Amino acid sequence: MKDLLVNQPALGTMARSWRHPKTGSRTNSEPCLGARARFLSFNRTQSRAVTGLLTGHYTLRRHLHLPGLMDSPLCRRCRAEEETSTHILCECEALASLRHAYPGSFFLEPEDIKSISLGVIWNFSKVTGLP
Ligand SMILES: [Zn+2]
């Protein structure tokens with residue numbers, strides 16, 4: 001489940017994100033609605049890239065390697081780890097300087113992805129040349 005970063009509020013789990021994880025009480029839904037509005041403003045290319053990058057169902061090598069469409073699952077940038085969405089968004093050392101520009105940190109924890117706007121994820125996706 002390394003690729004599943006679908007807890008990003010804009011991608012299908014908004015209802016769960018509206019509830020506090022421990023108390024179950026409703027939280028302010030404004031950030032979720034903002035993310036939803038932003039996502040709905042994306043064109044098809046942007047939607048596909050952001051959704052694919054967050055879920056791992058994308059042109060990432062690990063995803064293409066599983067059905068035999070790619071010889072190696074290793075990252076095309078660093079060749080040190082499998083190219084997954086977590087690796088690209090959080091860990092890849094070859095993308096650290098681009099990650100510093102978008103979203104502003106050299107390395108991230110997967111939990112940090114929840115707080116990053118979809119526009120920033122789109123911009124990061126564009127500068128990496130992955131879409
Ligand atoms: Zn890498």
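**Zinc site**

I looked up the spacing of the zinc donors first, and along the chain they follow C-x2-C-x8-H-x4-C. The model is predicted, with local features needing pLDDT of at least 70 and side-chain atom pairs counting only at pLDDT 80 or more, while totals for chains, interfaces and linings use all residues. Residues are numbered from 1 along each chain as its sequence is written, and side-chain values use heavy atoms, with hydrogens and water left out.

I then listed the protein donors of the zinc ion: Cys75 (SG), Cys78 (SG), His87 (NE2) and Cys92 (SG), at 2.0 to 2.3 Å from it. Donors here are N, O and S atoms within 2.8 Å of the metal (3.2 Å for Na, K and Ca); water is not among the atoms, so sites may look incomplete.

What is the arrangement of the four donor atoms around the zinc ion? I read it as tetrahedral because the angles they subtend are 102 to 117°. The rule for four donors is that all angles lie between 85 and 135 degrees. For reference, the ideal angle for four tetrahedral donors is 109.5 degrees.

Cys75 counts as buried because its relative accessibility is 0%. Cys78, at 26%, counts as partly exposed. Buried means under 20% relative accessible area, exposed over 50%, and partly exposed in between (1.4 Å probe, protein chains only).

I placed Thr84 in the loop between helix H4 (61-65) and helix H5 (85-91). Helices are DSSP runs (H or I, at least four residues), as are strands (E, at least two), numbered from the N terminus. Is Thr84 buried or exposed? Thr84 is buried, since its relative accessible area is 1%.

A polar atom of the Thr84 side chain lies 3.1 Å from the backbone nitrogen of His87, and His87 is also one of the zinc donors, through NE2.

I also noted Arg62, which lies in helix H4.

**Cavity**

I searched for cavities, a cavity being a set of points on a 1 Å grid over the protein atoms alone where a 1.4 Å probe fits but cannot get out. The count is one cavity of 30 Å³ or more. The largest cavity has a volume of about 40 Å³, volume being the space filled by probe spheres set on the points, which are joined across faces, edges and corners.

Which residues line the largest cavity? They are Leu89, Arg99, Tyr102, Pro103, Leu108, Ile113, Ile116, Val120, Ile121 and Phe124; a lining residue has an atom within 4 Å of a point. By class I get nine nonpolar, no polar and one charged. Ala, Val, Leu, Ile, Met, Phe, Trp, Tyr, Cys and Pro count as nonpolar, Asp, Glu, Lys and Arg as charged, and the others, Gly among them, as polar.

**Helix H7 and the whole chain**

Helix H7 (residues 118-128) gives the most to that lining, with three residues. I listed its buried residues as Leu118, Gly119, Ile121, Trp122, Phe124, Ser125 and Thr128. Val127, also in H7, is partly exposed because its relative accessible area is 37%. Val127 and Leu98 are 29 residues apart in sequence and 7.1 Å apart C-alpha to C-alpha. Just after H7, Gly129 has a positive phi of about 80°.

Last, I noted seven helices and zero strands in the protein chain, with buried residues making up 38% of its 131 residues.

Conventions. Polar contact = N/O pair within 3.5 Å; in protein donor to acceptor, adjacent residues only side chain to side chain. Tetrahedral: all angles 85-135°; square planar, octahedral: opposite > 155°, others 65-115°. 1 Å grid on protein atoms, 1.4 Å probe; cavity = no way out; pocket = protein on both sides within 12 Å on 5 of 7 lines; lining within 4 Å.
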